[in-house]
Structure formats: structure tokens, C-alpha cells
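Hello,

Here is the structure I promised to pass on to you. Have a look at it first, and then read my notes below.

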Amino acid sequence: GMQDQWYTFTLFQLQAVWVAQAIKGIKEIPSVEDCHAEIALWTGTNPEVTSCPYKAIQSQTDYLLRLQADTGFEGQFDAHKQFFDWKKSKVDVAEYRNKAYPSPTTGTMAPVHSTPWMDLMDDGIDAYINAA
């Protein structure tokens, strides 16, 4: 079956950078044979990664970091530790959302919000910032 997508926006962003570089001629497009080998490599891991969410997270992290290295795109994109923690806490998603976590980019700890997530009905920026 299809695995969960852990890095949706970040993954799409790096894929778009790769394609843009290929269109601009910055990145050489691999041969058809290399593409087939790459597809076989990644799809060969599907039984393993679809049977274990932690392996799926790590596999997607590996792919994301490979795209990052391949494009030279700067930034801290490895969030597998946060995803592992979330997966362990997934039993109560609402409670997980009530906690504070460090930024994977800067390491800065976010403040705990003053309003429980389930009670926060106004998702506007003013209500969120003023209630924090």
C-alpha cells in the first residue's frame, strides 16, 4: 500500500527545484537506464517501508536529503526525529498539539500555547499570536 507522506511541502519544494534546474540546464537529466535503475531501487524498498512507519520516515528522509544534496539547496530539512516523536505520541494527536517543540531549523523552543488546541476555534494569526 501507499505509505504516509511525511515531508509533503518540503519534498515537493525540493522536487520542483530539481526540475527547475533540469529545465534551466543546470542539472543533467539522467539516462533512461539510470532512471529505471533508480525507480527499481526505491520501489524495491516498498514492502519494508510500508510495513514500518519508522522505516517509511527514514526512507523519505533519505530521499529528501538526497534531493537537497543533488540540488545544493540550503536549509535544515531533516525532521525525522520530530516525526519519530510524533509517531510515538500519535495515540493522542490533540495532546501532542498542546506541547511545545524545538524548531528543526534553529533549535529554538516554541512556547506552549495558552489555549488547548481543541479549544482554539479562531485560526487567524491575530488570535493565535495574542493568545500565546
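This is a predicted model: local features need pLDDT of at least 70, side-chain atom pairs count only at pLDDT 80 or more; totals for chains, interfaces and linings use all residues.

Where does Phe-12 sit? You will find Phe-12 in helix α1. Along the chain, Phe-12 and Leu-64 are 52 residues apart, yet their C-alpha atoms are separated by 9.5 Å.

Next, the helix pair. Two packed helices are described by the angle between their axes and by the distance between those axes. For α1 and α4, the angle is about 35° and the axes are 10 Å apart. The crossing of α1 past α4 is left-handed. On the α1 side, the contact is made by Thr-10, Leu-11, Leu-14, Gln-15, Val-17, Trp-18 and Gln-21. On the α4 side, the residues are Tyr-63, Leu-64, Leu-67, Gln-68, Asp-70 and Thr-71. Sorted by class, this contact of α1 with α4 has 7 nonpolar, 5 polar and 1 charged residues.

How much space lies in the largest pocket? The volume is about 630 Å³. The largest pocket is lined by 20 residues, and the closest to its centre are Glu-38, Ile-39, Trp-42, Tyr-63 and Arg-66. Helices α1 (8-23), α2 (32-43), α3 (46-51) and α4 (53-71) each give two or more residues to this lining. By class, the lining has 9 nonpolar, 7 polar and 4 charged residues.

Enjoy exploring!

Conventions:
Residues are numbered from 1 along each chain as its sequence is written. Side-chain values use heavy atoms; hydrogens and water are left out. On a 1 Å grid over the protein atoms alone, a cavity is a set of points where a 1.4 Å probe fits but cannot get out, and a pocket is an open set with protein on both sides within 12 Å along at least five of seven lines; lining residues have an atom within 4 Å of a point. Grid points are joined across faces, edges and corners, and a volume is the space filled by probe spheres set on the points. Helices (H or I, at least four residues) and strands (E, at least two) are DSSP runs, numbered from the N terminus. Ala, Val, Leu, Ile, Met, Phe, Trp, Tyr, Cys and Pro count as nonpolar, Asp, Glu, Lys and Arg as charged, and the others, Gly among them, as polar. Axes are lines fitted to C-alpha atoms, for helices over the stretch in contact, and angles run from 0 to 180 degrees between N-to-C directions. A crossing is left-handed if the near helix is turned anticlockwise from the far one by less than a right angle, and right-handed if clockwise. Contact means heavy atoms within 4.5 Å.
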